[in-house]
Amino acid sequence: MSGPSEQRKITGRAGIVALGTLLSRVLGLGRDQAIAALFPRPVTDAFFVAFLIPNVLRQLLAEGAVQNAVLPVLAKIRERDGDDAARRFFRAARGLSLSVLFLVSVLGVVFAPGLVSLFADGYKDYPGEFERTVALTRWVFPYIFFMGTAALGVAALNTYQRFVATSFAPALLNVSFIALGLGLPRYLGAHGYDPALALAVAVLGGGVLQMVAQWPSLKAIGFFGSPTLELGHPGVREALRRMGPVLIGMGVYYIDVVLARRFLSQLAPGSQSYFGWALRLCDFPQGIFIMALQSAALPSLSRLAARGDQEELSRTFAFGMRLTLFVAVTATALLVGLAEPIVVLLFQRGEFDAESVRGTSHALMAQGLGIWLVAAVRQLVSMYYALGDTRTPVIVAATDLCVFVILALLLRGHFGHVGVGLAVTGSSAVQMLMLWRLLRGKLRTLRTREIVSSALRTLLAALSGAVAGASVAHALTTHGPARALQRAIPGLAGSLTFFAVFALVAYVVQSPELHAIVDAVRRRRARS
């Protein structure tokens, strides 16, 4: 009877992570709205690239390597050898991590011009844009040190199923943006500095706050000891062995990101910003729900894989995938079906004009088509890492890269930044299909019929909601000059209609995921 219990734990833990991430994303949305309205497109183009460069390395070295290589090892050591052995391994892993992060931070500051050339060589054609991006990159690069340190703390806290601090700490980055990024530009401009530096200062402040916020929770579980440098520790060696293929696999994926930004830098001004805002909106459901489910499920999958319990492993994987698709298919339908009304609702004000609305909404439709594909890929990759297979995702990621490059080269000439978004979606489809096919040889059953049946119910409800929501938004749209409130009404009414119709149809078709989420909410209310 461990199956239902494990599934309830995953749902409950995912709820905590999702709540904290929701707070962060709502604050992040407010941050993006302010940046879009206050700064012109050349500044936002430069900042998106400058912030992306250390962010890619953070996701690669910190979140990717730590979560997919260190966490499974930590969970196995704790399960096999106890808490004291787990703490010793963590101290050794922290010592190595801090050394690498410090070195990478220094190198990033020194070689910022080369990195900007790699990501956005096209900026050299626009006077001052390349130089501004280099300056911002040097300011924000130490962010990777703070966030890399925080990522290791997340691995420890998630292993011990302490999700509150790790879920709510990311909101502090956006608090820093709102407090510093919006308050400093006028002061900096008055003293002869580029007002865009306020955004870089806010990034650093947010990184420090997220790192410090974990300290009380780490102390509570005894994981706040001084780091050590024990390269010979068996757990460190195993983590490094796992980490190599993980880094290669994720590195191949981020080559997609580098090439995408290079392609965008060679297109019309604003392309980086339109692509970036669309990506942020697509990351909204991914970050709140999909990553929450992944964070909540990975410790369970790793523990079950360590025990060799194939039946329960398959059942837990299928449950996680069903919940993932329930959220991701719904988000895909919403953001594709109501792309323009949602962009108008969220962003159209100040410097964000009608041209920005068109560019961002078209990018949102192209990238939104791939939300459910990316979500499925994340769950599948977690399953491979839980099984200790780090090679297969690397091979699949290399194929994904080739597909992306071919599609981007074919589509960018005619479709511009929208073509780059379509290339990302197309390559994600290939990656998902390959990972699914190859996983069939590693588990006794993938419970495919169960997952597909659930996904079809969700698709029916989501399409019904999208048709109804888009119809309402279209009926309420006013053509010509309109006040901000009038422009916002179609997106708000259409979104509310979408969710109402979606929930009704999901209830009628008896979606098991809807019932699981409702039950989790009821249990939480009962305990409180």
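**Cavities, charges and rings**

User: About what volume of space lies in the second largest cavity?
Analyst: Rolling a probe the size of a water molecule over the atoms shows where empty space is left. On a 1 Å grid over the protein atoms alone, a cavity is a set of points where a 1.4 Å probe fits but cannot get out, and lining residues have an atom within 4 Å of a point. Grid points are joined across faces, edges and corners, and a volume is the space filled by probe spheres set on the points. For the second largest cavity, that space is about 40 Å³.

User: Before we go on, what kind of model is this?
Analyst: Residues are numbered from 1 along each chain as its sequence is written, and side-chain values use heavy atoms, with hydrogens and water left out. Local features need pLDDT of at least 70, side-chain atom pairs count only at pLDDT 80 or more, and totals for chains, interfaces and linings use all residues, since this model is predicted.

User: Which helix gives the most to the lining of the second largest cavity?
Analyst: That lining is made of Arg 25, Gly 28, Leu 29, Asp 32, Arg 280, Leu 281 and Phe 284. Helices (DSSP runs of H or I, at least four residues, numbered from the N terminus) come in here: H1 (2-38) and H13 (271-307) each supply at least two of the lining residues. With four residues, the top contributor is H1.

User: How many charged residues are in that lining?
Analyst: Asp, Glu, Lys and Arg count as charged, while Ala, Val, Leu, Ile, Met, Phe, Trp, Tyr, Cys and Pro count as nonpolar, and the others, Gly among them, as polar. The lining of the second largest cavity has three nonpolar residues and one polar one, and its charged residues number three.

User: How many residues apart in sequence are Lys 76 and Glu 238, whose side chains meet in a salt bridge?
Analyst: A salt bridge is a side-chain nitrogen of Lys or Arg within 4 Å of a carboxyl oxygen of Asp or Glu, and here the N to O distance is 2.6 Å. Lys 76 sits in helix H2 (residues 41-81) and Glu 238 in helix H12 (residues 234-265), so the bridge ties together parts whose separation in residues is 162.

User: Is Glu 238 buried or exposed?
Analyst: Buried means under 20% relative accessible area, exposed over 50%, and partly exposed in between (1.4 Å probe, protein chains only). Glu 238 has a value of 15%, so Glu 238 counts as buried.

User: How many salt bridges does a search of the whole structure find?
Analyst: One of them joins Lys 76 and Glu 238. Asp 83 and Arg 78 form a salt bridge too, with the closest N and O atoms 3.1 Å apart. The search of the whole structure comes to 12.

User: What separates Arg 132 and Glu 129 along their helix?
Analyst: These two form a salt bridge, with the closest N and O atoms 3.8 Å apart. Arg 132 is partly exposed at 24%, whereas Glu 129 is buried at 7%. They are three residues apart in helix H5 (residues 129-140), so the separation is about one helical turn.

User: What type of aromatic pair do Phe 317 and Trp 436 form?
Analyst: Rings of Phe, Tyr and Trp (its six-membered ring) pair if their centres lie within 6.5 Å; planes under 30 degrees apart are stacked, over 60 edge-to-face and the rest tilted. The whole structure has 14 such pairs. For Phe 317 and Trp 436, the centres are 6.2 Å apart and the planes at 40 degrees, making the pair tilted.

User: Which helix holds Trp 436?
Analyst: Phe 317 is in helix H14 (residues 310-337), and the pair links distant parts of the chain, 119 residues apart. Trp 436 is buried at 17%, and Phe 317 is buried at 3%. The helix holding Trp 436 is H19 (residues 417-439).

User: How many of the nine residues of helix H15 are buried?
Analyst: Helix H15 (residues 339-347) is mostly covered. Its buried residues include Ala 339, Pro 341 and Phe 347, and Phe 347 also belongs to a cluster of ring pairs with Phe 48, Trp 277 and Phe 352. Of the nine residues in H15, the buried ones number seven.

Technical notes:
1 Å grid on protein atoms, 1.4 Å probe; cavity = no way out; pocket = protein on both sides within 12 Å on 5 of 7 lines; lining within 4 Å.
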